[in-house]
Amino acid sequence: MEKLKFERPVINRINAGVPDKFGMSTAIQPISHIDDVAVEDLLSEYGSPLYVISEKSIRNTFREALSAFKTRYPKVQFAWSYKTNYLNAVCNIYHQEGSWAEVVSGFEFEKALANGVPGSKIIFNGPDKSKEDLERAIEHGSLIHIDHFDELYEIMSLAPKTGKKAKVAIRVNMDTGIYPHWDRFGFNYENGEAWTAINKIMPDPNMELIGLHTHIGTYIMTPNAYAIATSKLAALTVRIQLKYNHHLKYLDLGGGFASKNTLKGAYLPGSDTCPTFDDYAEAITGALSNSDIQYDHMPTLFLETGRALIDDAGYLLGSVLANKRLLDGRRSLIIDIGVNNLFTSFWYEHHIVPSKIKQRDTEDTTIYGPLCMNIDIIRAAIQFPVLEKGDHVVIKRIGAYNMTQWMQFITYRPKVVLIDLEGKAHVIRENENHESMNALDKMPNHLKEIQL
Ligand SMILES: *Cc1c(COP(=O)(O)O)cnc(C)c1O
């Protein structure tokens with residue numbers, strides 16, 4: 001008979017039968033499979049930790065979002081926000097679904113072109129566009145969303161040299177009742193700055209104003225903020241029609257829809273509080289339909305949704321390295337997933353579960369990453385079952401921002417695997433190794449020799 005392992009006794013308050021303010025406590029549900037592929041198999045084949053992306057989830061969520069808008073307003077065009085997740089395979093799933101590209105740097109612009117997106121279907125946002133970036137965007141007929149007056153003047157001076165008319169929109173920031181107000185991007189609506197920018201662009205023969213853009217913030221829980229933003233962009237559109245008899249081709253409401261992740265300090269879980277795509281679509285398309293824009297000239301509605309489209313499709317799998325007791329008696333668990341691979345742990349209480357449950361008892365646990373750095377904390381306090389070295393954990397909803405904001409720090413970044421619609425796994429990004437990590441380092445001659 002196998003010798004039983006000693007388990008330190010713990011005293012837990014019994015809550016049986018007494019619901020707390022969230023209702024009855026729910027048992028932890030392990031995640032053993034992702035799209036019918038076993039977590040254990042993925043980890044043994046591709047190593048730990050491992051990013052896993054579900055193609056099925058990406059396509060389903062995208063179609064759900066598109067249909068929420070299209071059924072209310074037929075002229076809708078999504079553009080994939082590259083910075084949310086710019087793995088090329090991921091971008092191309094969105095492009096196959098019909099999304100254009102929304103980029104915020106020359107690097108992302110090059111990525112979109114290399115992925116096969118025609119320049120005329122690239123939206124170029126952001127405060128940092130170099131002279132070369134702008135020239136290239138004008139040449140390609142891309143949609144340049146101007147962020148500030150210095151950029152506006154630069155385009156004015158560049159466009160005549162390219163011999164092409166620059167297709168531009170301006171980014172507008174406005175009070176939508178969401179604070180802090182993101183006033184650092186674009187031109188302000190309320191103080192007249194946006195109108196001033198429009199009046200500089202309209203008479204310029206080398207620029208064509210084709211749209212208006214806003215991106216009011218991120219993880220916006222209030223659909224009505226989008227109704228306010230849409231009304232303000234619509235009011236500018238009408239003013240342009242009246243003064244210039246010019247009709248804008250599109251209004252771009254940006255991104256910012258909340259995902260189902262739970263923000264730190266939130267009272268209720270994000271999966272309960274996050275508005276649906278229908279809620280956002282109703283707010284935006286309702287405000288558009290109710291606006292005074294001439295019916296024959298209704299603009300196309302552009303959306304640049306990022307996190308709400310991809311968060312659910314991403315998983316991070318890892319392994320337990322050790323159990324430890326902290327000085328106050330609390331259990332702590334060290335896993336091989338650090339904040340370098342899970343940047344969003346700085347603002348989300350990530351949903352983390354074991355791949356299988358060996359015992360139902362849970363204990364208040366702190367989950368640490370493997371880094372030699374005190375702030376490497378995945379969950380500060382979570383009711384978690386006791387796991388042993390080598391057991392596996394799964395972190396859900398990590399598809400947005402982690403595979404772009406990841407930090408190369410202390411360890412190599414792991415592989416990313418995509419599970420296709422048939423349940424077949426494909427490596428879509430290799431892990432780093434000694435060679436790839438040192439490829440950019442240069443050693444001056446006088447430092448080549450060392451003697452110890
Ligand atoms: C980041 C970004 C997005 C996507 O934002 P989400 O909050 O992830 O939806 C869209 N548009 C612009 C301009 C952005 O900077």
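The questions below take up these topics in turn.

Me: What kind of model is this, and how are its residues numbered?
Reply: This is a predicted model, in which local features need pLDDT of at least 70 and side-chain atom pairs count only at pLDDT 80 or more, while totals for chains, interfaces and linings use all residues. Side-chain values use heavy atoms, with hydrogens and water left out, and residues are numbered from 1 along each chain as its sequence is written.

Me: How far apart do the C-alpha centres of domain 1 and domain 2 lie?
Reply: The chain is divided into domain 1 (33-52 + 313-431) and domain 2 (55-311), with bounds that come from an automatic or database domain assignment. Between the C-alpha centres of these two domains the distance is 33 Å.

Me: Which residues of domain 1 lose the most area to domain 2?
Reply: Buried area is the accessible area (1.4 Å probe) that two parts lose on being put together, summed over both, and for domain 1 and domain 2 it is about 2,300 Å², with 56% of it on carbon and sulfur atoms. Together accounting for 30% of what the domain 1 side buries, the residues that lose the most are Tyr348, Arg397 and Tyr401.

Me: How many residue pairs are in polar contact between domain 1 and domain 2?
Reply: A salt bridge requires a side-chain nitrogen of Lys or Arg within 4 Å of a carboxyl oxygen of Asp or Glu, and between the two domains that count is zero. A polar contact is a pair of N or O atoms within 3.5 Å; within protein, one must be able to donate a hydrogen and the other to accept it, and residues adjacent in sequence count only if both atoms are side-chain atoms. With both residues at pLDDT 80 or more, the number of pairs between the domains is 15.

Me: Which residue has a side-chain N or O atom 2.6 Å from a nitrogen atom of the ligand?
Reply: The ligand is surrounded by 16 residues (a heavy atom within 4 Å), and Tyr401 is among the closest. A polar side-chain atom of Thr218 lies 2.5 Å from a ligand oxygen atom, and a backbone N or O atom of Gly306 lies 2.8 Å from an oxygen atom of the ligand. For the ligand nitrogen atom, the residue at 2.6 Å is Glu304.

Me: How many residues apart in sequence are the parts that Lys260 and Asp312 tie together?
Reply: Lys260 forms a salt bridge with Asp312, their closest N and O atoms being 3.6 Å apart. Because Lys260 and Asp312 lie in separate loops, one between β11 (250-252) and α9 (270-273) and the other between α11 (307-310) and β13 (314-325), the separation in sequence of the parts they tie together is 52 residues.

Methods: Helix = DSSP H or I, 4+ residues; strand = E, 2+ residues; numbered from the N terminus.
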